[in-house]
Amino acid sequence: MAEAQDLHHSTASHQDGFEDEESLSPLEQEVLDEYARLLGNLNNMSALLAELSDAPSAAMLDGLRGLERKTSLVFTLLKASVYSIVLNQQIQDNGQEPGEGQGSEGEGEGWGH
């Protein structure tokens, strides 16, 4: 934050009438002012994020718990779907092989129910 104040102070001295060969153009001054504002905003954001990470709010924790439950449910459903697809593929493969009788296909169907 002190850097932003130093930068703003040094650039302000050029604006206050200190004219020499090294004075800044209006565009250069505007760019420096924007960098000073950006630095201040980043410092504010850093302080807010540090505060949030030190003491997470109850609403945030509740939201994360709900998200964890939903993620767990989706993962369980995905595993069941993949298992079903693999099982159906095995049943189809067993039914299409030559020399396989109806008995092996019937046994495969029993596993899925």
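Analyst: Aspartate 62 and arginine 65 both belong to helix α3, 3 residues apart, about one turn of the helix. Helices here are DSSP runs of H or I with at least four residues, strands are runs of E with at least two, and both are numbered from the N terminus. This is a predicted model, in which local features need pLDDT of at least 70 and side-chain atom pairs count only at pLDDT 80 or more, while totals for chains, interfaces and linings use all residues. Residues are numbered from 1 along each chain as its sequence is written, and side-chain values use heavy atoms, with hydrogens and water left out.

User: Why is aspartate 62 called partly exposed, and why is arginine 65?

Analyst: Buried means under 20% relative accessible area, exposed over 50%, and partly exposed in between (1.4 Å probe, protein chains only). Aspartate 62 has 48% relative accessibility and therefore counts as partly exposed. Arginine 65, with a relative accessible area of 43%, is partly exposed as well.

User: How many salt bridges does a search of the whole structure find, and what separates arginine 37 from glutamate 34?

Analyst: The search finds 2 salt bridges. Arginine 37 and glutamate 34 form one, at 2.3 Å, N to O. They are separated by about one helical turn, because they lie 3 residues apart in helix α2. An α-helix has 3.6 residues a turn, so residues three or four places apart point the same way. Arginine 37 is partly exposed at 47% relative accessibility, and glutamate 34 is partly exposed at 43%.

User: Which residues are buried in α3 and in α2?

Analyst: In α3 they are Gly66, Leu87 and Ile91; in α2 they are Gln29, Asp33, Ala36 and Gly40. Of the 113 residues of the protein chain, 10% count as buried.

User: What makes the nonpolar surface patch, and why is leucine 27 called exposed?

Analyst: Patch residues have over 30% relative accessible area and no salt bridge; like charges are joined within 9 Å, and nonpolar side chains (Val, Leu, Ile, Met, Phe, Trp, Tyr) within 5 Å. The patch covers about 1100 Å² and includes Leu27, Tyr35, Met45 and Leu64. α2 gives the most to this patch, with 8 residues. Leucine 27 lies in α2 and is exposed because its relative accessibility is 61%.

User: Where is the pLDDT below 50?

Analyst: pLDDT is the predictor's confidence in each residue, from 0 to 100. The chain has a mean of 77, and 66% of its residues reach 70 or more. Over residues 104-109 the pLDDT is below 50, and beyond near neighbours in sequence this stretch has 3 contacts in the model, a contact being heavy atoms within 4.5 Å. Where pLDDT is low, the predicted coordinates should not be read in detail.

Key
Accessible areas come from the Shrake-Rupley method with a 1.4 Å probe; for residues, only the protein chains shown count as cover. A salt bridge is a side-chain nitrogen of Lys or Arg within 4 Å of a carboxyl oxygen of Asp or Glu.
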